[in-house]
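Please open the model in your viewer and keep the sequence panel beside it. The tour below moves from one selection to the next, and at each stop it says what is to be found there.

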Amino acid sequence: MQGVTASTRDPAPLRDDPDARDAGSRPLRNALGAVAGLLAAMVALGFAELTAALVGPSSSPVIAVGDAVITLTPEPVKEFAIRNFGENDKIVLVAGTLTVIALYALALGLAALRNRAVGIAGVALFGAV
């Protein structure tokens with residue numbers, strides 16, 4: 001008769017167990033989610049710019065947001081921008097706007113991985129702005 005042996009190893013996790021996902025794939029998944037958010041924003045801005053080209057350049061979402069930022073910016077900040085960037089102040093404003101959009105899209109892509117409703121709400125907010 002053979003004796004019973006005890007194992008100190010934990011049993012193998014079930015495949016459909018959400019906690020059993022490989023922890024090593026999480027950074028890759030997060031990176032892909034962030035990139036998906038960025039690509040989605042690029043496509044949305046591309047279509048918006050294409051539409052603006054057909055309707056009129058002033059309807060460009062980046063220019064419209066830039067104009068709103070200029071309107072809401074306090075006078076000392078405007079003077080600082082003109083003094084430090086000179087004729088390039090508009091280029092810096094557009095680059096800053098695009099940077100903020102890119103950061104928002106990256107964060108939204110990560111948030112949408114965890115909760116799809118947050119992703120949908122974030123895209124709706126993006127469109128409203």
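A residue is called buried when its relative accessible area is under 20%, exposed when that value is over 50%, and partly exposed in between, with a 1.4 Å probe and protein chains only. Before you select anything, note that this is a predicted model, in which local features need pLDDT of at least 70 and side-chain atom pairs count only at pLDDT 80 or more, while totals for chains, interfaces and linings use all residues. Residues are numbered from 1 along each chain as its sequence is written, and side-chain values use heavy atoms, with hydrogens and water left out.

**The whole chain**

Begin with the protein chain in cartoon view, where the secondary structure comes to 5 helices and 0 strands, helices being DSSP runs of H or I with at least four residues and strands runs of E with at least two, numbered from the N terminus. Of the 129 residues of the chain, 15% count as buried. Contact means heavy atoms within 4.5 Å, and among the contacts with a separation of 6 or more, 54% are between residues 24 or more positions apart.

Next, colour the chain by pLDDT, the predictor's confidence in each residue, from 0 to 100. The average for the chain is 82, and 81% of the residues score at least 70. Among the elements, H1 has the highest mean pLDDT (91) and H2 the lowest (82). Where pLDDT is low, the predicted coordinates should not be read in detail.

Select Leu-45, which lies in helix H1 and is buried, with a relative accessible area of 15%. Leaving aside its neighbours within four places in sequence, Leu-45 is in contact with Pro-61, Val-62, Leu-98, Ile-101 and Phe-126.

From there, go to Ser-60, whose C-alpha atom is separated by 9.0 Å from that of Leu-45, 15 residues apart along the chain. Ser-60 has its place in the loop between H1 and H2 and is buried, with a relative accessible area of 4%. Apart from its neighbours within four places in sequence, Ser-60 is in contact with Glu-49 and Ala-52.

Then select Leu-32, another stop in helix H1, which counts as exposed at 54% relative accessibility. The C-alpha atoms of Leu-32 and Leu-113 are separated by 9.6 Å, although these residues are 81 positions apart along the chain.

A pocket is an open set of points on a 1 Å grid over the protein atoms alone, where a 1.4 Å probe fits and protein lies on both sides within 12 Å along at least five of seven lines; lining residues have an atom within 4 Å of a point. The largest pocket has a volume of about 350 Å³. Select Val-65, Ile-101, Leu-125, Phe-126 and Val-129, which are the closest to its centre of the 15 residues that line it. Helices H1 (26-55), H2 (61-72), H4 (89-114) and H5 (116-128) each supply at least two residues of that lining.

The second largest pocket holds about 290 Å³ of space. Of the 13 residues that line this second pocket, Ile-70, Thr-73, Lys-78, Ala-81 and Leu-93 lie nearest its centre. Helix H3 (75-85), H2 and H4 each supply at least two residues of its lining, and H3 gives the most, with 6 residues.

Notes:
Grid points are joined across faces, edges and corners, and a volume is the space filled by probe spheres set on the points.
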